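Q: Hi! I'm opening this one for the first time, could you walk me through it?

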Amino acid sequence: MTPDAVGPLIAAEGLTVRHGGAAVLRDVSFAIRPGEIVTVVGPNGSGKSTLLRALIGLQPAASGQVARRTGLRIGYVPQRLQIDAGLPLTVRRFLSMPRRVRDAEAQAALARTGVADLGPRQMARLSGGQFQRVMLARALLARPDILILDEPTQGLDQPGTGAFYRLIEEVRAETRAAVLMVSHDLHVVMSATDRVICLNGHVCCEGAPDVVTSAPEYRALFGMGTQGALALYRHVHDHDHETDQGHGHDHAHPHHIHGPDCRHGHGA
């Protein structure tokens, strides 16, 4: 199984990954195609991060295989990257690790992600939103065919989440890079998502958001947090900022029905 020039960018077939003696992923098969946005959702411990690591070759497979298109360029943003507060590391220097990049390239990447002025700042002193945008800038320096993002909005507030999602949509539109993203929220995905994969050690169901939301496997796995509906994180300006219960203007507006316990994009 080898992705060709018109086939998938990455394809997994019968992928099983073990930690110790336990299977974290079992018989996972799916493919990521050029230009599409795929969001993976699942409860804690469902193997989401393990799946991403296996797809990019950081996690060995116990069985099955992963095929990546020849010459595939991957931009990877991990779930966590700990920077020691005592380590003198500026944003500009960080962007040249491990591959040195020219000043003009680094500045363009920071500008594209909305943090053009952060080059001299220390990495350890960035806010959560600034840190994620710098990480995305670093990933874009690879001119990726696919961006792989592991819970990129975890720890961000609602406006920060909405802004980051819009940035990803803009980057995809401009670069045509595919996006594979793990979401930390069980019920809310980016509005531009083409396909949702529900994972719980195996692929429970997958498809377009409106298809997945009606799947019994999705409802059995994730309950009725939005009356069973999978919400799409959208940005609209059709409500009163002052009276909207203080949530601010970056709201998660669901594509389908949501109940009173819908978290509107706040992390689970």
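A: Happy to! Two strands count as paired if DSSP finds at least two bridges between them. The elements themselves are DSSP runs numbered from the N terminus: helices are H or I runs of at least four residues, and strands are E runs of at least two. What you see is a predicted model, where local features need pLDDT of at least 70, side-chain atom pairs count only at pLDDT 80 or more, and totals for chains, interfaces and linings use all residues. Residues are numbered from 1 along each chain as its sequence is written, and side-chain values use heavy atoms, with hydrogens and water left out.

Q: Got it. How many helices and strands does the protein have?
A: There are seven helices and eleven strands in its secondary structure.

Q: And how much of the protein is buried?
A: Of its 268 residues, 51% are buried. Buried means under 20% relative accessible area, exposed means over 50%, and partly exposed is in between (1.4 Å probe, protein chains only).

Q: What share of the contacts link residues 24 or more positions apart?
A: Counting contacts with a separation of 6 or more, 66% are between residues 24 or more positions apart. A contact here is heavy atoms within 4.5 Å.

Q: Let's pick a strand. Which strands pair with E3?
A: Two partners to look at are E7 and E9. E3 runs parallel to E7, joined by four bridges, and Ile37 has Val179 as its bridge partner in E7. Strand E9, residues 195-199, is also parallel to E3 and joined to it by four bridges.

Q: Why is E3 described as largely enclosed?
A: Because five of its five residues are buried, E3 is largely enclosed by the rest of the structure. Ile37, Thr39 and Val41 point one way, while Val38 and Val40 point the other way, and all are buried. In a regular strand, side chains alternate between the two faces of the sheet.

Q: I see a threonine in there. What does Thr39 contact?
A: Thr39 sits in E3, which spans residues 37-41, and its relative accessible area is 1%, so it is buried. Beyond neighbours within four places in sequence, its contacts are Met181, Ser183, Val189, Thr193, Arg195, Val196 and Ile197.

Q: Back to the start of the chain. Is E1 mostly covered or mostly open?
A: Mostly covered: seven of the ten residues in strand E1 (10-19) are buried.

Q: Which strands does E1 pair with?
A: One is E2, residues 22-32, in the antiparallel sense over seven bridges. Ala11 has Ala31 as its bridge partner in that strand. The hairpin of E1 and E2 has two residues between the strands, and Gly20 takes a positive phi near 65° there. E1 is also antiparallel to strand E4 (63-68), over five bridges, and Ile10 stands opposite Arg68 in E4.

Q: Switching to helices, which residues of H1 are buried?
A: Lys48, Thr50, Leu51, Leu52, Ala54 and Leu55. That is six of the eight residues of H1 (48-55), so the helix is largely enclosed by the rest of the structure. Just after H1, you'll find Gly57 with a positive phi of about 90°.

Q: What about the inside, how many residues are in the largest nonpolar core?
A: It has 35 residues, and Met123 and Val134 have the most contacts inside it. Such a core is a set of buried Ala, Val, Leu, Ile, Met, Phe, Trp, Tyr and Cys residues joined through side-chain atoms within 4.5 Å.

Q: Last one: where is Ser127?
A: In the loop between H3 and H4. Ser127 is partly exposed, with a relative accessible area of 36%. Its C-alpha atom is separated by 9.3 Å from that of Leu156, 29 residues apart along the chain.
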